[in-house]
Amino acid sequence: MVLKAKREGHALPAAPEAAASAGEVVDLMAALEASVKKARVSRGEDGDADVHELPTKKTTAKKTAAKPKRSA
């Protein structure tokens, strides 16, 4: 509608006013924890997960080969 009105040179239609929201505040962490608990119960899990240490990787820095000098 807006594009058609602009193209034809008419006045733009009034924008609809946004409805006032109820403003309900949701605790996202509580919702996430409840969702995780529900998923664990549905899988038959109880208690906390087993935590294991991850093995550490030893990384070595790779050295780049020196560029040969060009003689002029």
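## Helix 2 and K38

K38 sits in helix 2, which covers residues 28–43; helices here are DSSP runs of H or I with at least four residues, strands are E runs of at least two, and both are numbered from the N terminus. With a relative accessibility of 64%, K38 counts as exposed. For these labels, buried means under 20% relative accessible area, exposed means over 50%, and partly exposed lies in between, using a 1.4 Å probe and protein chains only.

At the start of helix 2, a side-chain oxygen of D27 comes to within 3.4 Å of the backbone nitrogen of M29. After the helix comes G44, with a positive phi near 85°.

## About the model

Please keep in mind that this is a predicted model, in which local features need pLDDT of at least 70, side-chain atom pairs count only at pLDDT 80 or more, and totals for chains, interfaces and linings use all residues. Residues are numbered from 1 along each chain as its sequence is written, and side-chain values use heavy atoms, leaving out hydrogens and water.

## The chain overall

The secondary structure of the chain amounts to two helices and zero strands. Its radius of gyration is 31 Å, well over the 11 Å that the globule rule gives for 72 residues, so the chain is more spread out than a compact globule. The radius is taken over C-alpha atoms, and the rule is 2.2 Å times the number of residues to the power 0.38. Along its principal axes, the C-alpha trace spans about 70 × 70 × 20 Å.

Buried residues make up 1% of the 72 in the chain. The accessible surface comes to about 8200 Å², with 57% of it belonging to carbon and sulfur atoms; areas come from the Shrake-Rupley method with a 1.4 Å probe, and for residues only the protein chains shown count as cover.

V2 belongs to helix 1, residues 2–8, and is partly exposed at 41% relative accessibility.

Between helix 1 and helix 2 runs a loop that holds A22. A22 is exposed, its relative accessible area being 84%. The C-alpha atoms of A22 and E53 are separated by 46 Å, and these residues are 31 apart along the chain.

Terms used. Polar contact = N/O pair within 3.5 Å; in protein donor to acceptor, adjacent residues only side chain to side chain.
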